[in-house]
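Dear colleague,

Here is the structure I said I would hand over. My notes on what was found follow below it.

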Amino acid sequence: MRSPVDTRPPYGLMVWTVISLILALAFYAAPLRIANGPDLMPMLPLMTLFIWSTVRPRFIPPIVIFVVGILNDVLTGGVLGVWALAYLVSLTIARSRDEDGPTREFGPVWVRFLVVLAIAIPVAWAAGSLAIGQPAPIRPLLIEGVASALMFPLFAVIFVRRRSLRGTFGS
């Protein structure tokens with residue numbers, strides 16, 4: 001007989017958290033940036049951070065969010081600190097809205113992610129604009145934002161279904 005989810009050691013989930021964050025960073029940095037095509041890649045690191053922050057918030061302390069943001073900037077060749085700031089601000093605001101309790105339905109999770117996305121994009125644009133000393137192009141961020149908003153349900157359904165088999169999403 002398996003022990004309940006909450007009493008089992010969380011080491012396997014911690015390892016899976018690290019692996020999923022590394023894979024999200026690698027997939028985000030690699031595909032269309034090499035081919036010089038249009039950037040249609042969703043913001044996989046933000047999506048992964050958000051899902052883990054919802055499922056297991058204690059696995060994603062602010063230092064992890066910061067490190068993922070810095071790695072995102074390094075891997076994509078961006079200005080250092082832009083995505084670290086955007087991730088920290090958006091996820092901190094999303095976490096401060098905890099009076100709802102754990103989310104049990106997919107719809108509210110998606111809406112919460114859209115709010116995080118609506119915060120992260122302007123913060124990243126403003127930080128990038130300040131860093132380069134002129135307005136940064138907004139079109140690539142908007143394309144990534146729309147791709148992220150549309151791809152989030154496909155990305156998150158794995159976590160929702162997996163959690164629904166073992167317990168509620170966000171518990």
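**Helix packing and confidence**

Helix 3 passes helix 5 in a right-handed crossing. This is a predicted model, so please read what follows with that in mind.

Helix 3 covers residues 44-55 and helix 5 covers residues 82-96; the two pack with their axes 11 Å apart, at an angle of about 30°. Because angles under 35 degrees count as roughly parallel, helix 3 is roughly parallel to helix 5. On the helix 3 side, the residues that meet helix 5 are Pro45, Leu46, Leu49, Phe50 and Ser53, and their partners in helix 5 are Tyr87, Ser90, Leu91 and Arg95. By type, this contact between helix 3 and helix 5 has six nonpolar residues, two polar and one charged.

A second pair is helix 1 and helix 4. Their axes cross at roughly 25° and come within 10 Å, and helix 1 and helix 4 are therefore roughly parallel to each other. The crossing of helix 1 and helix 4 is right-handed. Helix 1 contributes Leu21, Leu25, Tyr28 and Ala29 to the contact, while helix 4 contributes Val64, Val68, Leu71, Asn72, Leu75 and Thr76. Eight of the residues in the contact of helix 1 with helix 4 are nonpolar, two are polar and none is charged.

Is Ser20 buried or exposed? Ser20 has a relative accessible area of 9%, and because buried means under 20%, Ser20 is buried. Beyond its neighbours within four places in sequence, Ser20 is in contact with Thr48 and Trp52.

On the protein as a whole: there are seven helices and zero strands. Of the 171 residues, 40% are buried. Among contacts with a separation of 6 or more, 70% are between residues 24 or more positions apart.

Now the confidence. The average pLDDT of the protein is 80, and 77% of the residues score at least 70. Which elements have the lowest and the highest mean pLDDT? Helix 2 (residues 31-35) has the lowest, at 53, and helix 4 (residues 62-76) has the highest, at 92. Over residues 164-171 the pLDDT stays under 50, and the model has 21 contacts beyond four places in sequence for that stretch.

Regards

Notes:
Residues are numbered from 1 along each chain as its sequence is written. This is a predicted model: local features need pLDDT of at least 70, side-chain atom pairs count only at pLDDT 80 or more; totals for chains, interfaces and linings use all residues. Side-chain values use heavy atoms; hydrogens and water are left out. pLDDT is the predictor's confidence in each residue, from 0 to 100. Helices (H or I, at least four residues) and strands (E, at least two) are DSSP runs, numbered from the N terminus. Contact means heavy atoms within 4.5 Å. Buried means under 20% relative accessible area, exposed over 50%, partly exposed in between (1.4 Å probe, protein chains only). Axes are lines fitted to C-alpha atoms, for helices over the stretch in contact, and angles run from 0 to 180 degrees between N-to-C directions. Angles under 35 degrees count as roughly parallel, over 145 as roughly antiparallel, 65 to 115 as roughly perpendicular and the rest as oblique. A crossing is left-handed if the near helix is turned anticlockwise from the far one by less than a right angle, and right-handed if clockwise. Ala, Val, Leu, Ile, Met, Phe, Trp, Tyr, Cys and Pro count as nonpolar, Asp, Glu, Lys and Arg as charged, and the others, Gly among them, as polar.
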